[in-house]
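Work through the two exercises below with the structure open.

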Amino acid sequence: MLQNYLKIALRNLVKNKVYSFINIAGLAVGMAVAMLIGLWMIDELSANKHHKNFDSVYQVMMHQTFDGHRGSQTALPYPMGEELRTKYPDFKAVAMCDWGSDHSLVMGNQKFSKFGHYLGEQGVDMFSLNILKGDKNPLKDPTSIVLTEELATTLFGNQDPIGKVLKMDNVVDLKVTAVVGKQPKNATLQFDYLLPWDLQIKVLDYIKNQQDAWGSNSFQVYVQLKDGVNPEKTNTNIKNIVLNHAKDDKLMQTSIKPQVFLHPMAKWRLYGDFTDGINTGGFIKYVKLFGIFGLIVLLIACINFMNLSTARSEKRAKEVGVRKAMGSDRGQLIGQFLSESLVISFIALALALILVELILPSFNKLTDKEVSLQLANPLFWGIMLIFTMFTGLLAGSYPALYLSSFNPVRVLKGTIRLGKNASLPRQVLVVLQFSFSIALMIGTVIIYQQIQHGKNRPIGFDSKGLISVFSSSDLIKNYDPLRTELLASGAVSSICKSSCPPYQTWSNNRGWSWKGSKPEDESALFNIIASDYDYTKTVGIKLKAGRDFSREFASDSSGVILNEAAVKRMGLKEPIGEMVKGMGKSLKVIGVMPNMQMDSPFEVIRPTVIIFAKDWVNLICVRMNPNVSASAAIKKMTPIFDKYNPGFPFDYQFTDEQYAKKFNYLELIGNLSLAVAFLAIFISCLGLFGLASFMAEQRTKEIGVRKVLGATVLNITTLLSKDFLKLVIISIVIASPIAYFTMKNWLQDYDYRIEIGAGVFIIVMVVAIVIALSTVSYQAIKAGLANPVKSLRTE
């Protein structure tokens, strides 16, 4: 019987080539989209699960209240690690970790700038790093370094790297103690190398002042709980650690109220958002959303199959009647039609796998992933089997139930007629298809409008022609001659030191006061930029009032420049000349600058101050001469930097490129939405094309009669198109309010956001109608141009 079902299914496929192609192509595209989204979701959901200690590792975090807002942060005091390790028995391991940075690694004549972390000794086992060769406890020696296999090959080729010595930052010699496997791309801890935590004391002067500084939060702490320890109980035990070390700080006790807690590894990637101290989710909302999108696209493809199968029901009605008359029961007929659906699904699966394999390189580039089809994994094929059978049964269920319900007597007598009532389910399904597709189109347009809204927001400085170079001890020591030669080269118009790049804040603090301020105002956080001379000139800031720090005024070492948000927060009407207190001293306001976009371009701009500090240098900002091309300027600067910074390659970052990365997250969502919306509308139009083709075929004689009676091609096109146009308009009416309220809710996550206007709905409506008419009109015009003699010859 199964063999018979298969034969009939294949015969029907060959007999109806056009409709078979539309069904298979639609299902294949839908299945390919669902597979790609599924691979992306699996990668997101499996983040960090390669760690053997996945269920017992936590990041230590802290809630604090500043200026009435309860926030949550991963930055913690330096002594936190030692406190947890020595005074709390719940922990099997504790590892401090920095935020990661680029360092110079020199091997012979080779210089490389690579990214790495300072990590506590117990971190290697905690993160279950795969040690390929070398010491099993490789960070115990404060002058050791752990390399990834990729970096070890880059530095040493085929030589054994263990025991080899590298020079880091032209300051310290480090011995390679281990080589580890590269972390998966979806792992939180990413690095080219790891450095011992205690090495910082030797190479970073400021660390010496941090060892007992409970009020300075600049480091990360990871812990592993012992087996059987209840994390909630541990949270209760550790929540007041910082508060207990700030008993003399009235503001900490009454207003800021720091509370330490554990955040499990399982939530690091997808549940990183906190609101008023409560974990409110994170990127998981997009994982769920695109999971729904994948099912919707698959459903749209299945609807195509349902529509075309039921639309052609009259052509198979006699087949059903004969089979029933010869003794087939309804269950056997359902089995036959479902088997046909499954055959199409498995053919579509083969085509979908080919499509996915071809698209994966571009998809990985788009999503910054390294996902692949696990063709050698039996589990993969088991999932594909279930997935394909689900798709086949979903697509074939309605046609099977519908076709098998025909009355054999009425069918064989020729009295069965499938009128408007029979077409109603198809119309409902078409409306459902286009409603989904149009809602996706509206959502995608709004996402891109929001991205453009952020890009059009004034950034407060000139990002063009501005580069940043991370500082080193040699650059700081040789800054004056470096500056002189760069300016003399003609490639540079201005240069300055800074504690952070113009597009990002690396430091903030509280405790600021001003004329008329209240004690509770000291809990307000102010972003800090430390610089010396020429900062506003180099970065391209046009001051609103006052001036920059000047070599002509010795008193400028006690000066401060405020941004507009800081002036507003302090309530200063005439800020120039006012005295404010912060950073442990009194400072005179000498300038007011516009608000700079240093955090998210969709957030409220924070109060920011620029203080004068010659020795707080993390990087050097360079304004290239606008009359010299960027490539020529870089070429002139390279030997000068090599001369004064010999232990480092000349590694620089263009500010405009770095600022553009702020939009990567939203652009990823927008690009994925665009791809899904395009494919959804493509599949919907594929089905619409099939239905239009069938309707034109079904009404061939009617069209012939109308043409004989004088109907024009335009009359015929209008006749065949208007019914489909009505369905598309109904879809627009249904999709628009759903998309509006959904996207309005999504926009609430952004402080700086667009207002959804009528324009987006009008644009999508016009596009949807044009696409639908273009799809249907081809068949309508073809029918209108047909010779009526041929269609009426049999009458």
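A crossing of two helices is right-handed if the near helix is turned clockwise from the far one by less than a right angle, and left-handed if it is turned anticlockwise. The model used here is predicted.

**Exercise 1.** Describe how helix α17 packs against helix α20.

Solution. 
1. Locate the helices: α17 covers residues 479–488 and α20 covers residues 630–644.
2. Take the axes, which come within 10 Å and cross at roughly 165 degrees. Angles over 145 degrees count as roughly antiparallel, so α17 is roughly antiparallel to α20.
3. Assign the hand: the crossing of α17 and α20 is right-handed.
4. List the contacts: from α17 come P481, L482, E485 and L486, and they meet M637, I640, F641, K643 and Y644 of α20.

**Exercise 2.** In which sense does β23 pair with β20, with β21 and with β22?

Solution. 
1. Start with β20 (residues 545–546), which pairs with β23 (residues 585–593) in the antiparallel sense over 2 bridges. G546 has G591 of β23 as its bridge partner.
2. Go on to β21 (residues 559–563): 5 bridges link this strand to β23 in the parallel sense. Here V560 stands opposite V589.
3. Turn to β22 (residues 579–582), which runs antiparallel to β23 and is joined to that strand by 4 bridges. M579 stands opposite K588.
4. Check the link in the β22–β23 hairpin: 2 residues lie between the strands, and M583 takes a positive phi near 60 degrees.

Definitions and conventions: Residues numbered from 1 in each chain as written. Predicted model: local features only at pLDDT ≥ 70, side-chain atom pairs only at ≥ 80, totals over all residues. Heavy atoms only, no water. Axes fitted to C-alpha atoms, helices over the stretch in contact; angles between N-to-C directions. Parallel < 35°, antiparallel > 145°, perpendicular 65-115°, else oblique. Contact = heavy atoms within 4.5 Å. Pairing = 2+ DSSP bridges.
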